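Here is a model to look through. What is it built from, and how do its chains meet?

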Amino acid sequence: MSRLDDELRNAFKRQQPPADFTARVLERVARQPEPRPSLWQRLAALIEPPKMRWVAIGVTAALLIAIGAAEYSRLANKVVDDTGKLSQAAPPDEKKPAVKPAEIDAVITHPNAVVVPKKHTQSLKRHQLAAARVEKAPEVKSEAEAAKDKLMLALSIASSALNDAQKAVHDDGPKP
Amino acid sequence: MDNATGARLDDRIERSALGDQLAFEQIVTQHQGMVFSMACHFLRDRSLAEELAQEVFLSLHQNMHSIKSPEHLTFWLRKVTSHRCIDQSRRQKLRPTVSLEDVAEPAASASENDLFLSEMLRRVVDTLPEKARMVVILRYQEDLEPTEIARVLDMPLNTVKSHLRRSLSMLRDKLSRTLGEVTL
């Protein structure tokens, strides 16, 4: 190490500020307005505990409710109404009756078939279709009941989770 | 720094980030010498240096939440002080307009008066460009290695080395001419 290095260290050694420097800094700090958090800071605050728990629980509950509602809605569309007709919203393959009208036509128009007056064939078709619908109704209803049960269970779980979270947040919060 | 001191500093940083004024006061007291000296040596004006140092600590107060450790705190203060000094100097054209050749030469030899030599060195360093001047201050006031200076000033390591080499060479030339009999 050269003498120049030593001389430079000596020339640039630390100096102390005036005695009241710290007091003046603190005074200026006290006068400063509280800094407003930026948008990013506010977004970041959302994922800090315990808020993170609230967000996670809220998202889970919303998902459970949405899934339950979608399932219930899908199965409710299958339910046969009081008039014995299937809902318009039901999927095409589920709207099909047990016996297709074409099959009925084939039976009626078969050469060996008993001749039935035309007005009776129309009535027969309607009867067959109604019978097929009624036959399917209990099965669809039971599915709807099951979906309803699932939805109620999902709501119950979501409610219980929200209660737990609220309790946890209250426990973490400042004590009075 | 031993473990106990490090833990105390960590604790102070944490408490200060949470709004503890006493902890912040201790941090200011501990680092004010470093910040003020850097500004004072760079700007060569005590009142301006004090003003700048206060602003650095105000900025620290606003950014306490981003400070992760005592080492990070020191690095942050050096970095902010350096950049503010350079900005201030450029903005207000504080750099003296006197050239190196105009720097007054001492009438007495260095051996007779070390204070005089120190002042001579400071005045010569004062004629350097802003970044080169800060490199010399960080090297000799803070005793930083070139790699650390490069990090603080956000500049390539080779640039720092080059600044140091040129500055020292210039200082040697100037002082050899002035104090011919002294070997530097």
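Residues are numbered from 1 along each chain as its sequence is written, and chains are lettered from A and ligands numbered from 1 in the order in which they are written. In this predicted model local features need pLDDT of at least 70, side-chain atom pairs count only at pLDDT 80 or more, and totals for chains, interfaces and linings use all residues.

Reader: How many helices and strands does chain B have?

Author: Helices (H or I, at least four residues) and strands (E, at least two) are DSSP runs, numbered from the N terminus. The sequence pattern of chain B reads α-α-α-α-α-α-α-α. The count is eight helices and zero strands.

Reader: Which helix gives the most to the side of chain B that touches chain A?

Author: Two residues are in contact if their C-beta atoms, placed from the backbone, lie within 7 Å. By that test, 31 residues of chain B meet 24 residues of chain A. Helices H2, H3, H5, H6 and H8 of chain B each supply at least two residues of that side of chain B. The top contributor, with 11 residues, is H2(B).
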